[in-house]
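Student: I would like to see how the terms in a structure description are tied to values. Could we go through one example?

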Amino acid sequence: CDYEEIVLKCGPGPTIRWINEVFVRLDKTLAQARGMTKVETFNNFVLVYTSRQQHAETCVACALSVLDSTQHVQRPDGQQTTLKLGMSSGEVTAGVIGSRSPRYSIFGDTVNTASRMASSTTPSTCATPFIHFTLATRKLVGRQLEEKLRKDYGLRIAQSQGRNVKGKGWMETYLLHAQDVAGGHCEGAPTSVVDDGLGSYAMPDQLGSSHN
């Protein structure tokens, strides 16, 4: 978050080194997450997708692992790095574009909506995660994972009162967040493994683990 502000405040050199460190840690996390593919990066934006049948659970687990992996990365101004995380579910079209330096990417309203979810949410840290997603994604989050997140990690899914999303209009959206955002701390925490038949994903033990 605050990419433009950091560029102006600290200059392009320190900003690039900071973004690179975040991306390297993200790449390592994705390499361990089965079924997740990074499509592209642009400035401080990362597009990731999965085509797994139970993709909502896969994305939620991966997002929490990303927060865990970047918790010790400091911005060039010395503050803690925060991330904005958004998800949507639906159809996409994939293809290779261009003849010179061609690149593979995915396109569609689902991609645009996921981007809007990220841009309109609260910045996240490992201790205070906020993952913003659409009704389509909410319908696909299994009860098993939702209950595990609530009981073991103190995380809950809350429905928004509805919001006006840029380019989309009024939308019903949901937020995965800590039941007590003031409680729990991930620093130095061991990790547990969540395995819901999707593969295993490391998640911080102390994300509100004292709350039921």
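Tutor: What follows is a set of questions about terms, each answered from a value and a definition.

Tutor: This is a predicted model, in which local features need pLDDT of at least 70 and side-chain atom pairs count only at pLDDT 80 or more, while totals for chains, interfaces and linings use all residues. Residues are numbered from 1 along each chain as its sequence is written, and side-chain values use heavy atoms, with hydrogens and water left out.

Student: How do you know how confident the predictor is?

Tutor: pLDDT is the predictor's confidence in each residue, from 0 to 100. The mean for the protein is 80, and 84% of its residues reach 70 or more. Over residues 181–212, pLDDT stays under 50.

Student: Why are helix 1 and helix 2 called oblique?

Tutor: Helix 1 and helix 2 pack at about 140°, with axes 7 Å apart. Axes are lines fitted to C-alpha atoms, for helices over the stretch in contact, and angles run from 0 to 180 degrees between N-to-C directions. Under 35 degrees is roughly parallel, over 145 roughly antiparallel, 65 to 115 roughly perpendicular, and the rest oblique. Helix 1 and helix 2 are therefore oblique to each other.

Student: Which residues meet there?

Tutor: In helix 1, Tyr-3, Ile-6, Val-7 and Cys-10 meet residues of helix 2, including Trp-18 and Ile-19. Contact means heavy atoms within 4.5 Å.

Student: Why do strand 3 and strand 7 count as edges?

Tutor: Two strands pair if DSSP finds at least two bridges between them. The open sheet has the order 3-6-10-7, with mixed pairing. Strand 3 (85–87) and strand 7 (155–159) each have a single partner strand, so one side of each is left without a neighbour in the sheet.

Student: What makes strand 7 and strand 10 a pair?

Tutor: Five bridges join strand 7 to strand 10 (residues 173–178), and the two run antiparallel.

Student: What makes a group of residues a nonpolar core?

Tutor: A nonpolar core is a set of buried Ala, Val, Leu, Ile, Met, Phe, Trp, Tyr and Cys residues joined through side-chain atoms within 4.5 Å. Buried means under 20% relative accessible area, exposed over 50%, partly exposed in between (1.4 Å probe, protein chains only). The largest core has 33 residues, and Leu-64 and Leu-176 are among those with the most contacts inside it. Helix 3 gives the largest share, eight residues.

Definitions and conventions:
Helices (H or I, at least four residues) and strands (E, at least two) are DSSP runs, numbered from the N terminus.
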